[in-house]
Amino acid sequence: MLEKIKQTADYLRQRGGEMPKIAIILGTGLGNLVDHIEDKLFIPYSEIPNFPVSTVQGHSGNLIFGNMGGRRVMAMQGRFHFYEGYDMKTVTFPVRVFKALGVETLFVSNAAGGMNKEFRVGDVMVITDHINLFPENPLRGKNYDELGPRFPAMTEPYDKKLIALADSIAREKELRLMHGVYVGTQGPTFETPAEYEYFRVIGGDAVGMSTVPEVIVARHADMRVFGISVITDLGGKDITEVPSHEEVQKAAVKAQPVVEAIVKAMVERC
Ligand code: HPA
């Protein structure tokens with residue numbers, strides 16, 4: 001694994017120009033954030049050694065280097081999901097590469113189903129914490145001390161200062177910004193009504209099929225993390241709407257301007 005990380009990092013260092021301190025993982029329907037990146041260099045995943053190729057519609061696979069708000073950034077347009085069949089080491093491999101390239105702060109975005117009764121479709125939620133319900137932890141197996149500790153603390157998975165910054169930006173711009181706990185599940189099924197209720201009972205506000213593995217690895221590697229979810233559907237015993245991938249994408253695209261405004265302002269100021 002160490003050799004693979006080095007190989008991929010060396011390749012990207014050769015191609016990407018100045019290396020950024022900030023990386024952004026763009027989730028479902030949120031790929032348009034790349035329009036805010038200037039002087040872009042697109043590198044298709046297929047050209048990157050050791051990178052898998054994303055298989056889901058709506059997820060294009062490109063690594064992008066460029067500038068946002070005067071800062072050098074790199075962005076993943078399309079991520080690797082556990083439900084696609086990748087193992088956890090593959091899902092989180094790009095985060096290992098980010099760290100090797102010198103990235104210190106990771107932004108992650110995703111689409112999620114809302115269980116919190118105050119949430120509406122199209123709301124944007126800052127992730128304040130998560131519950132890992134994936135069947136496997138990406139850190140299972142041999143620990144490489146060069147990458148991080150065997151038993152990493154998860155006391156502050158999402159950086160409190162970055163959350164406060166997001167809140168102040170939302171206040172300034174008069175944007176509705178919710179807070180909540182993200183429940184990470186393997187998918188690819190959406191939840192049954194009873195499952196949405198259950199996730200609410202255990203403390204979740206939103207549920208999705210990504211993000212948690214990448215955040216675990218980023219925290220293992222001592223990167224600061226900021227996470228944001230777009231609430232694309234609601235779930236629970238009183239909800240009769242049937243979620244679909246198309247609806248999720250549509251709702252995500254609609255909420256995108258809010259995510260864009262917040263992430264862009266954060267990159268400028270963090
Ligand atoms: N459940 C799981 N993942 C999701 C959902 C959902 O309701 N919406 C978007 N991603």
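This is a predicted model: local features need pLDDT of at least 70, side-chain atom pairs count only at pLDDT 80 or more; totals for chains, interfaces and linings use all residues.
Trainee: Why are H4 and H7 called oblique to each other?

Mentor: Helix H4 (residues 160-173) and helix H7 (residues 245-269) pack at about 120°, their axes 10 Å apart. Under 35 degrees would be roughly parallel, over 145 roughly antiparallel and 65 to 115 roughly perpendicular, with the rest oblique. H4 and H7 are therefore oblique.

Trainee: Which residues of H4 and H7 make the contact?

Mentor: Among them are Leu162, Leu165 and Ile169 of H4, and Ile262 and Met266 of H7; contact means heavy atoms within 4.5 Å. The residues of this contact divide into eight nonpolar, no polar and three charged.

Trainee: What makes H1 oblique to H3?

Mentor: Helix H1 (residues 2-15) and helix H3 (residues 93-100) pack at about 60°, with axes 9 Å apart. That angle makes H1 oblique to H3. The crossing of H1 past H3 is right-handed. Ile5, Ala9 and Leu12 are among the residues of H1 that meet H3, whose side includes Phe93 and Val97.

Trainee: How do you know that the buried residues of H5 line one face of the helix?

Mentor: Start with helix H5 (residues 193-201): Tyr196, Glu197 and Phe199 are buried there, that is, under 20% relative accessible area, while exposed is over 50% and partly exposed lies in between (1.4 Å probe, protein chains only). Looking down the axis of H5, the buried residues fall within an arc of 160°, so they line one face. They pack against strand S7 (177-184), strand S8 (206-208) and strand S9 (224-234). The face turned away from the buried side of H5 carries exposed Ala194 and Val201.

Trainee: Why does Ser210 count as buried?

Mentor: Ser210 has 6% relative accessibility, so it counts as buried. You will find Ser210 in the loop between S8 and helix H6 (212-220). Leaving aside neighbours within four places in sequence, Ser210 is in contact with Arg79, His81, Asn110, Phe134 and Tyr182.

Conventions: Residues are numbered from 1 along each chain as its sequence is written. Side-chain values use heavy atoms; hydrogens and water are left out. Axes are lines fitted to C-alpha atoms, for helices over the stretch in contact, and angles run from 0 to 180 degrees between N-to-C directions. Helices (H or I, at least four residues) and strands (E, at least two) are DSSP runs, numbered from the N terminus. Ala, Val, Leu, Ile, Met, Phe, Trp, Tyr, Cys and Pro count as nonpolar, Asp, Glu, Lys and Arg as charged, and the others, Gly among them, as polar. The arc is that of the directions from the helix axis to the C-beta atoms. A crossing is left-handed if the near helix is turned anticlockwise from the far one by less than a right angle, and right-handed if clockwise.
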